[in-house]
Amino acid sequence: MGFMKQNLILFFVIISSFSSFSQKIDFRNNDLDMKQILKTIFLKNDSLKKKEGQGKVAFSLMPAPDLKSAEGGLIVSFVTTFFLDENHETTKMSEVYFTPTTSFTGQYSFPIQSYIYTKDNKYNFIGDYRFMIYPQFTYGLGGNSSKDPQSEVNYQQIRFYQFMSRKIKGDFRLGLGFQLDNYKNISEDSKISEPTDFNLYQEGDYSNELSSGIAFQALYDSRKNILNPTQGYYFEADYRINSSIFGSDTHWKSIYIDGRKYHSFSKTRHKVLATRAFYWAVFDGKSHYLDLPSIGWDRYGKTGRGFTRNRYRSNSLLYLETEYRTDITRNGFLGAVFYGNLSSVSNLDTYHFDNWTPAIGAGLRIKWNKLNDCNLVLDYGVSKDDWTFRVGLSENF
């Protein structure tokens, strides 16, 4: 727990340093956000009097401790939102997210993710590019995974995912993508006397692996704000085909389905019920162990609050989550969320979901940037024998 105490002390020392400037800040201001507070602290008074225009670009930066159970460390979040047209009614918000992280267990991750709409939403581009040095614990395969780690697997990963879809009608679009995962320098440090599930599944093969293929995408997205949705639906279905034709070392297929719904209970206050259903499976061939669906390894790494990433892994994953989001203060500067989720990974040989694991949690929201409705996200989740504390600059879904 030492790493947690160190990071929490550092984080709250930074936050408490703002208290000496509180007399300069009107906390009842409807436009209050952390951006304005930081300007009050670091800029001269006359510079604050300059009226800000409604620019097309909103940029947010947030360094903070990254406490993900035993993988605590440091995360720096860069979020940029923008519009590729002056008319924000006909062209939706786009987003680029860069979140480099490091941990006390030797993990280093440099991901860049993008979600971009062109003028009049004619085309949509979804990107996921990352380089990772990522030692992680394994807990076995299937619903009966072990409580304690079986091993620590070390590897380096390069990922390149790129989708392009075209509007068909309204918020519905169809597209095509290319997905590549390259795993190198794979090794395993076993924590048990018998063979691990990783070793058995890989049949003792620790050689490099290249998984690459095309993917067909169906996408429906009626959300207006992708950082902090208050209304609409989101549905994505990707069908991936890995083949040597596209350079892949192995042949297999996968399906990736993500459905979300947002309902607002008020036109003047932030009172939103958000629900999510997520399904991910590999089939028709044998993928590498690291390509198997796993909790916390969805594209944005936001499934499984309350679970250590990689805690459950198999050839299919089903995840359900609901969350209530509400204001604490009238101006929306402070908010709270309350959530619960239920997840299961299938038995490896049958694809049956026999074991279900729940988690619950709550979180604090601090308005980071009013321009794009970006929040500082502080979420604590707990499940049986596990917990997480997550920090970020966008809602989990």
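The protein chain exposes about 18,200 Å². Carbon and sulfur atoms supply 60% of that area. The structure is a predicted model. Its protein chain holds four helices and 18 strands. Of the 397 residues in the chain, 53% are buried. Contacts between residues at least 6 apart in sequence were also examined, and 58% of these join residues at least 24 apart.

Confidence was considered next. The mean pLDDT of the protein chain is 88. A value of 70 or more is reached by 87% of the residues. Over residues 46-54, however, the pLDDT is below 50. This stretch has five contacts in the model beyond near neighbours in sequence. Where pLDDT is low, predicted coordinates should not be read in detail.

About 760 Å³ of space lies in the largest cavity. Its lining is made of 42 residues. Closest to the centre of this cavity are Y97, Q113, Y300, G301 and K302. Several strands supply at least two residues each to the lining of the largest cavity: β2 (73-82), β3 (94-98), β4 (101-103), β5 (108-117), β6 (123-133), β12 (252-264) and β18 (386-392). Strand β5 gives the most, with four residues. By class, the lining of the largest cavity has 16 nonpolar residues, 13 polar and 13 charged.

The second largest cavity contains about 290 Å³ of space. It is lined by 20 residues. R159, Y161, R240, W280 and W297 are the closest to its centre. Strands β8 (151-169), β9 (172-190), β11 (232-242) and β12 each supply at least two residues of the lining of the second largest cavity. The largest share, four residues, comes from β8. This lining divides into nine nonpolar, four polar and seven charged residues.

Pockets, which are open, were treated separately from cavities. The second largest pocket has a volume of about 500 Å³. Of the 25 residues in its lining, those closest to the centre are F83, H88, M93, K224 and N225. Strands β1 (57-66) and β2 each supply at least two residues of this lining. By class, the lining of the second largest pocket has seven nonpolar, 12 polar and six charged residues.

K261 is found in strand β12. Its relative accessible area is 33%, so K261 is partly exposed. The limits for this class are 20% and 50%. Leaving out residues up to four places away in sequence, K261 touches G232, Y233, L273, A274 and T275. The C-alpha atoms of K261 and T275 are 5.4 Å apart in space, while the two residues are 14 apart in sequence.

I241 lies in strand β11. This residue counts as partly exposed because its relative accessibility is 22%, and buried residues must fall under 20%. I241 and F216 are 25 residues apart in sequence. Their C-alpha atoms are 8.7 Å apart in space.

Backbone angles were considered last. Most residues other than glycine have a negative phi. N185 has a positive phi of about 50° although it is not a glycine. N185 is placed in strand β9. D284 also has a positive phi, near 55°, and is a residue other than glycine. The position of D284 is in the loop between β13 (271-283) and β14 (316-327).

Definitions and conventions. Residues numbered from 1 in each chain as written. Predicted model: local features only at pLDDT ≥ 70, side-chain atom pairs only at ≥ 80, totals over all residues. Heavy atoms only, no water. Buried < 20%, exposed > 50% of the residue type's maximum accessible area, 1.4 Å probe, protein only. Contact = heavy atoms within 4.5 Å. Areas by Shrake-Rupley, 256 points an atom, 1.4 Å probe, with all protein chains shown as cover. 1 Å grid on protein atoms, 1.4 Å probe; cavity = no way out; pocket = protein on both sides within 12 Å on 5 of 7 lines; lining within 4 Å. Points joined across faces, edges and corners; volume = space filled by probe spheres on them. Nonpolar A, V, L, I, M, F, W, Y, C, P; charged D, E, K, R; others polar. pLDDT = per-residue confidence, 0-100.
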